[in-house]
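Please keep the 3D view open as you go through the points.

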Amino acid sequence: MKNRFLFLITALTILLGSNCFAQIQTIEWQGRQRQYLVKTPENYESLPVLFFLHGLGDNITHVNSEHNFQQVANRYNWMVVIPQAVDEGGGSMWNAALMNSTIDDSGFLMALLDSLAVQYPINQDSVFFTGFSMGGFMSHRMAIEHGDRINAAAPVSGLITYAMANQTPVAPVRMLHIHGTSDIVVGYDGNSQYFGSNLGLGVEAILDYWRNANGCTDEPVIDTLPDTHNDGLRFVEYVYSGTKELRFLKVIGGTHSWYRNANQHDIDYITYIHDFFTGKLSYDKVNNTTTGSLNVYPNPTNGQIKIELDYPTTIEVIDIKGNTILHKHFDAGIANLDLQGIDNGVYFVKVNGFTEKIVLE
């Protein structure tokens, strides 16, 4: 009986291990078997695809667990692709033209997209790249070299290397750059307390690079997000209109971190990046207001209002002085807000970059 029990445990362990391993897929590129993970929603007909590029020394199983990309795929009805960088002896690292490497990661990622397009109904008009740290470096490179196929990119805490800065982008591409002013790993000025100076262009030079590439205006529309959490951070948006939108999220006091919990911070990066990719954060060029609308009713209201939500998110209500009256997370569906008990007047409801004025009477 004991031997039989041990056999069953061993068989179960092998079976579970095989299933976990099977989640990691491979594609041959440059004579190597390159690994990647794919997360898809349960039901789909046409799939936008989001590539997430991990940081230096990281791996796909860790970032998948950390960000719960299956939940992201289900929430947005997107395909999420998490490719693995090659370890050449100093930790897994993307070839963003920072070091002398012969690994063609740029070609690998496009080959992976082509391979997945054969297997899945990918929407080729909705191909997006984001990444953190070294993955942010590589996201810049992909936008520069493949902007004719990539619809938007959102590098986080990554720079444009000097070698890449000498290249002219193949096409304008919608760009969101996110960076913390107190980042000492990949510094705002392009330097690092860990890796030395001159990692690449500083943030201001990066904005100039993409502003020129996208034919953007010199002066941005600037908006400071409501400071609703005592986290020592301030999030300021800079939006440049042009042939393709350029947006910069300046995280004042931000370190080398991916902020991903809207219940702890004023923003959740995945939500913010998704809303940028889908155009929910776009600004009207004439009125400098956010395009789109919220379904908020009734308005005017006696204090009981309803808001239709496509997916779980945070709702804010702000008075005309900029004070936050309500900040609460709601599930998808009809969110019921009770504003009774506060003074009558004009207030602003903010959800995922949209702002709707309401009158309480």
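1. Rings of Phe, Tyr and Trp (its six-membered ring) pair if their centres lie within 6.5 Å; planes under 30 degrees apart count as stacked, over 60 as edge-to-face and the rest as tilted.

2. Before going further, please note that this is a predicted model, in which local features need pLDDT of at least 70 and side-chain atom pairs count only at pLDDT 80 or more, while totals for chains, interfaces and linings use all residues. Residues are numbered from 1 along each chain as its sequence is written, and side-chain values use heavy atoms, with hydrogens and water left out.

3. Of its 361 residues, 50% count as buried, where buried means under 20% relative accessible area, exposed over 50% and partly exposed in between (1.4 Å probe, protein chains only).

4. How many aromatic pairs does a search of the whole structure find? The search gives 15. Y259 sits in the loop between β12 (246-252) and α8 (269-277) and Y269 in helix α8, so the pair ties together parts that are ten residues apart in sequence. Y259 counts as buried at 9% relative accessibility, and Y269 is buried at 2%.

5. Do look at two arginines as well. The charged end of R34 sits over the ring of F108, 3.9 Å from its centre, and R174 lies over the face of F276 at 4.2 Å from the ring centre. A charge sits over a ring if NZ of Lys or CZ of Arg is within 6 Å of the ring centre and within 35 degrees of the ring normal.

6. Helix α7 (residues 203-213) has V203, I206, L207, Y209, W210 and R211 as its buried residues. These pack against α5 (134-146), α6 (162-165), β9 (174-180), β11 (234-240) and β12, with contact meaning heavy atoms within 4.5 Å. Just after α7, G215 takes a positive phi of about 60 degrees.

7. Is H54 buried or exposed? H54, in the loop between β3 (47-53) and α2 (60-67), counts as buried at 0% relative accessibility. A polar atom of the H54 side chain lies 3.1 Å from the backbone nitrogen of A85. Leaving aside neighbours within four places in sequence, H54 is in contact with residues including P83, W94 and F132.

8. Finally, the largest nonpolar core has 50 residues, and those with the most contacts inside it are M79, L109, L116, F129 and W210. Such a core is a set of buried Ala, Val, Leu, Ile, Met, Phe, Trp, Tyr and Cys residues joined through side-chain atoms within 4.5 Å. A second, separate core of 34 residues includes L176, L225, L233 and F235.

Methods: Helices (H or I, at least four residues) and strands (E, at least two) are DSSP runs, numbered from the N terminus. A polar contact is a pair of N or O atoms within 3.5 Å; within protein, one must be able to donate a hydrogen and the other to accept it, and residues adjacent in sequence count only if both atoms are side-chain atoms.
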